Amino acid sequence: MAFKIFFAALQLVFVSQLALMAQTHSPSRLERALSEIAPPKPEPPVVEPVVKEPEEEKFYPVEHLSGDRSHKSYRRDHGGSNYHDHLAFRTKPEYNRAILKLRSKGIRIGSTFRAGDWGYHGLGLAFDIPGSNVPWGQEVAQSQRIRKILRLD
């Protein structure tokens, strides 16, 4: 009980000193005195920017041709002994992102820019992924993996 009385008296003295300082001193000195006894202001929470994970990235090719007979991208001249997937994009940044994405998953890119080609290869916006990347008979599985990685279906 004596401690509570002593503590209350000490607080009263301190508050009266602060009031006296407020009348006789600059506000900045008062603010400094208050900051010594006031609890620190909480730091604002750090908000991390929302960054898309590469797994969430979807690609939008303007051409997708494949030797996979079971898929809508099938084209006869892209199958058999010439089995490959052909992808073309509207912009160079999307083209580059797709190549980087596939390479990061261990898929080798074949033909890219072809001088004199009248199509997207000639514009530097298309690339092929050869079926020779995988053992014979696994070309369709590679095409499915490519579609899954780039989220084409």
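Which residues have the most contacts inside the largest nonpolar core?

Reply: This is a predicted model, in which local features need pLDDT of at least 70 and side-chain atom pairs count only at pLDDT 80 or more, while totals for chains, interfaces and linings use all residues. Residues are numbered from 1 along each chain as its sequence is written, and side-chain values use heavy atoms, with hydrogens and water left out.

The largest nonpolar core has 15 residues, and those with the most contacts inside it are Leu87, Phe89, Leu102, Phe127, Ile129, Ile146 and Leu150. A nonpolar core is a set of buried Ala, Val, Leu, Ile, Met, Phe, Trp, Tyr and Cys residues joined through side-chain atoms within 4.5 Å. Buried means under 20% relative accessible area, exposed means over 50%, and partly exposed lies in between (1.4 Å probe, protein chains only). Helix 3 (92-104), strand 3 and helix 5 are the elements that give two or more residues to this core. Its largest share, four residues, comes from helix 3. Helices (H or I, at least four residues) and strands (E, at least two) are DSSP runs, numbered from the N terminus.

The wider setting is as follows. The chain has five helices and three strands, which follow the pattern α-α-β-β-α-α-β-α along the sequence. Of the 153 residues in the chain, 31% are buried.

The three strands form an open sheet with the order 1-2-3 and antiparallel pairing. Its edge strands, each pairing on one side only, are strand 1 (63-65) and strand 3 (126-130). From one strand to the next the twist averages 10°; axes are lines fitted to C-alpha atoms, for helices over the stretch in contact, and angles run from 0 to 180 degrees between N-to-C directions. Helix 5 (residues 139-150) packs on the sheet and touches strand 1, strand 2 and strand 3, its direction making about 25° with that of strand 2. Contact here means heavy atoms within 4.5 Å.

Strands pair if DSSP finds at least two bridges between them. Strand 2 (residues 84-88) is joined to strand 1 by three bridges and to strand 3 by five. Leu65 has His86 as its bridge partner in strand 2, and Leu87 has Phe127 as its bridge partner in strand 3. Strand 3 is mostly covered, with four of its five residues buried.

Leu87 brings several of these parts together. Not counting residues up to four places away in sequence, Leu87 touches Pro61, Glu63, His64, Leu125, Ala126, Phe127, Ile129, Ile146, Leu150 and Leu152.

Glu63, one of those neighbours, is found in strand 1 and counts as partly exposed because its relative accessibility is 29%. Its side chain makes a polar contact with the side chain of His86 (2.7 Å). A polar contact is a pair of N or O atoms within 3.5 Å; within protein, one must be able to donate a hydrogen and the other to accept it, and residues adjacent in sequence count only if both atoms are side-chain atoms.

His84 is also found in strand 2 and counts as buried because its relative accessibility is 10%. The side chain of His84 reaches the backbone oxygen of Asn82 at 2.7 Å. Beyond four places in sequence, the residues that His84 touches include Leu65, Asp77, Asp128 and Ile129.
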